[in-house]
Amino acid sequence: QVQLVESGGGLVQPGGSLRLSCAASGRIFSINTMGWYRQGPGKERELVAVVTSGGSTNFADSVKGRFTISRDNAKNMVFLQMNSLKPEDTAVYYCYLAYTSISRYLLTSWGPGTQVTVSS
């Protein structure tokens, strides 16, 4: 099995910054894509940002220019730097992993989620 451990959420004032981290461990042969989704109150889960093994990135339009995503391939970690946070960024943020298992299956996994609240 695969475990995803998230950290870095919390309460921040509008305009502030937070950095989310996610570490993957378990029966992983290789990681294809890592990233973050979020689900705000009364909303569906949506993509925030993802990064492929080759370094290609994809961001939601609403976070472009404010959020950056990076990976540490050696440690199977992904980071989301969130700057200029807005109240509408308030959500539970979920780490996402698309990987090839040791048995060579293509699988996905989700972290348990970390709360980000932007409020004065």
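Two strands are taken to pair if DSSP finds at least two bridges between them. By this criterion, in the predicted model, strand S4 (residues 28-39) and strand S5 (residues 46-52) pair through six bridges and run antiparallel. Within this pairing, Tyr37 stands opposite Leu47 in S5. S4 and S5 form a hairpin, with six residues lying between the two strands. The turn of this hairpin contains Gly42, which has a positive phi of about 70 degrees.

S5 also pairs in the antiparallel sense with strand S6 (residues 57-59), over three bridges. Here Val51 is the residue that stands opposite Thr57 in S6. A hairpin is again formed, with four residues between S5 and S6. Gly55, in the turn of this hairpin, has a positive phi of about 95 degrees.

The model also contains an open sheet of four strands, arranged in the order S1-S3-S8-S7 with antiparallel pairing. Strand S1 (2-7) and strand S7 (67-72) stand at the edges, and each has a single partner strand, so one side of each is left without a neighbour in the sheet. From one strand to the next, the twist averages 15 degrees. Strands of a sheet pair through backbone hydrogen bonds, in either a parallel or an antiparallel manner.

Notes. Residues are numbered from 1 along each chain as its sequence is written. This is a predicted model: local features need pLDDT of at least 70, side-chain atom pairs count only at pLDDT 80 or more; totals for chains, interfaces and linings use all residues. Side-chain values use heavy atoms; hydrogens and water are left out. Axes are lines fitted to C-alpha atoms, for helices over the stretch in contact, and angles run from 0 to 180 degrees between N-to-C directions.
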